Structure formats: C-alpha cells, structure tokens
Amino acid sequence: MLNKLKNIWSYSDSQPTEITLALANIALTHVAIGIELSGLYIFRIIIFFSGLYHLYCVANGDLNCRVKASVITFAVYLTSTIAYLSTIGFPCATHYGWLVLCFASFGSMRRLILEKIHKEKIK
C-alpha cells in the first residue's frame, strides 16, 4: 500500500492540483495575507499574477511553462508560510493550512520536474 501511495504521489497527473493552487492564489491567498498581515502590497500583487500565470500555463499545456509556474507557486506558498511564522505564527488550527498548501505545491512541482526530466531522456 505504501509503495502504491508513493507511486501516486510521484507520478499522478498534477493538473487538478495546479488549477486548485492557482485559483487559491487568485481568489484567497492575497486576500488572507491582506487581512491578517496587512500591507505587503507588492507581494500580494505577485501572488495574484502568479495564479493567473499558472492557469495560463496549465491551459496551454506547455510543460516548460508549467514547471516555471509551479516553482513560482511553491515560492509564493513557502514565502507566505514564512511570513506568517515570522509575524503572527499559527495562532489557530486553520493556519496550519499554509503547510498543506506548501506540501501540495511542492508535490506538484516535484511531479512536473520529474515529468520534464523523463521526457527529455526519451528525446
């Protein structure tokens, strides 16, 4: 069972996860940071546009673009998590969702990078 879960984690299609993470950046992440951390206007703009860029890349199906967008998305979620930890911490259980978003974005990024490496070996 653990090997099967590992294979699913490593090789499953990441597009649904990518779309979810991108939509969260467009609709929720920048709003949550604005409400709870205030300011950070440039970072919030980056978050919003990173979500749009990620959706654009998924819609076009360009693997190189998707890899770049997934790296940006992971960086956004990691930076958001660090911003929370360094300012207000995780005062309630819902704030641990930032760790879930980091984990999901890392997994998506990892799968895309492995897919890109595999396709380059085949060429």
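**H54 and the fold around it**

Me: Is H54 buried or exposed in this model?
Reply: H54 is buried, with a relative accessible area of 1%. Please note that the model is a predicted one. The cut-off for buried is under 20% relative accessible area, and H54 is therefore assigned to that class at 1%.

Me: Where is H54 in the chain?
Reply: H54 belongs to helix α3, which covers residues 41-60.

Me: What does the side chain of H54 make a polar contact with?
Reply: The partner is the side chain of T73, at 2.7 Å.

Me: And which residues does H54 touch, not counting those up to four places away in sequence?
Reply: H54 touches E18, A22, R66, A69, S70 and T73.

Me: Changing topic: how many helices and strands does the protein chain have?
Reply: There are five helices and zero strands. The radius of gyration of the protein chain is 15 Å, close to the 14 Å from the globule rule for 123 residues, so the chain is as compact as a globular protein of that length.

Me: What does the C-alpha trace span along its principal axes?
Reply: The span is about 50 × 35 × 20 Å.

Me: How many of the 123 residues count as buried?
Reply: The buried share is 37% of the 123 residues.

Me: What about charge: how many positive and negative side chains are there?
Reply: The protein chain carries 11 positive and 6 negative side chains, and the centres of the two sets are 6 Å apart.

Terms used:
Residues are numbered from 1 along each chain as its sequence is written. This is a predicted model: local features need pLDDT of at least 70, side-chain atom pairs count only at pLDDT 80 or more; totals for chains, interfaces and linings use all residues. Side-chain values use heavy atoms; hydrogens and water are left out. Helices (H or I, at least four residues) and strands (E, at least two) are DSSP runs, numbered from the N terminus. The radius of gyration is taken over C-alpha atoms; the globule rule is 2.2 Å times the number of residues to the power 0.38. Buried means under 20% relative accessible area, exposed over 50%, partly exposed in between (1.4 Å probe, protein chains only). Lys and Arg count as positive and Asp and Glu as negative; His and the chain ends are not counted. The place of a charge is taken as NZ of Lys, CZ of Arg, CG of Asp or CD of Glu. A polar contact is a pair of N or O atoms within 3.5 Å; within protein, one must be able to donate a hydrogen and the other to accept it, and residues adjacent in sequence count only if both atoms are side-chain atoms. Contact means heavy atoms within 4.5 Å.
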